[in-house]
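Have a look at the structure first, and then follow along.

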Amino acid sequence: MKNDEEQIRGLVTNWMQATKAGDVEMLLGLMTDDVVFLLPGQPPMDKQTFAAAAKVQSTGNAPAFEGTSEIQEVRILGDWAYLWTRLTVEATFPDGRPAMKRAGHTLSILRKESGKWRLARDANMLTSVEPQGARQP
């Protein structure tokens, strides 16, 4: 189990690094073919839709991403596992638009395929974070 947990934590680290680098192929390799992403106010997203959106974002005008993922819990149940994290992501746009920061929790389900853990389901519950001083008293 310890080795499985280390692999799962490594998947999260690799995901964050690939996102920052804009490495779409790495991201696609970290998920199952039947992956489903759940996002607030949007229809579920499958792997093809994710790939198309990620490839558009990896063009020359793509935002730069920074983020932190703090794993709160990992549970392993045979070839399935779940984890939840506290995630913060900030996108900085090359055209000078204000940076966008989102934070919140994610709940992810992973499946072990051919000895490797991959993301199978992900519920992303991030919300916008206002910059300091943005609100008027």
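Let's begin with a charged pair: Asp4 and Lys112 form a salt bridge, and their closest N and O atoms are 2.7 Å apart. A salt bridge here is a side-chain nitrogen of Lys or Arg within 4 Å of a carboxyl oxygen of Asp or Glu. This pair links distant parts of the chain, with Asp4 in helix H1 (residues 2–21) and Lys112 in strand E4, 108 residues apart. Helices (H or I, at least four residues) and strands (E, at least two) are DSSP runs, numbered from the N terminus. Asp4 counts as buried because its relative accessibility is 13%, while Lys112 is partly exposed at 24%. Buried means under 20% relative accessible area, exposed means over 50%, and partly exposed lies in between (1.4 Å probe, protein chains only).

A word on the model itself: it is predicted, so local features need pLDDT of at least 70 and side-chain atom pairs count only at pLDDT 80 or more, whereas totals for chains, interfaces and linings use all residues. Residues are numbered from 1 along each chain as its sequence is written, and side-chain values use heavy atoms, leaving out hydrogens and water.

By the salt-bridge rule, the count comes to 10. The table shows some of them.

| Salt bridge | N to O distance |
|---|---|
| Asp4 and Lys112 | 2.7 Å |
| Arg75 and Glu73 | 3.1 Å |
| Arg118 and Glu113 | 4.0 Å |

Not counting residues up to four places away in sequence, Arg118 touches several others, including Leu11, Thr32 and Ile109; contact means heavy atoms within 4.5 Å.

Ile109 lies in strand E4 and is partly exposed, at 33% relative accessibility. Together with Leu77, Trp80, Tyr82, Trp84, Leu107 and Met125, Ile109 makes a nonpolar surface patch of about 640 Å². Patches are made of residues with over 30% relative accessible area and no salt bridge: like charges are joined within 9 Å, nonpolar side chains (Val, Leu, Ile, Met, Phe, Trp, Tyr) within 5 Å. The largest share of this patch, 3 residues, comes from E3.

Next comes a backbone detail. Ser114 has a positive phi of about 50°, although it is not a glycine. Most residues other than glycine have a negative phi. Ser114 lies in the loop between E4 and strand E5 (116–124) and is exposed, with a relative accessible area of 81%.

Finally, step back to the whole chain. It has 3 helices and 6 strands, running α-α-β-α-β-β-β-β-β from the N terminus on. Of its 137 residues, 34% count as buried. The C-alpha atoms fill a box of roughly 50 × 35 × 25 Å, taken along the principal axes.

Conventions:
Areas by Shrake-Rupley, 256 points an atom, 1.4 Å probe, with all protein chains shown as cover.
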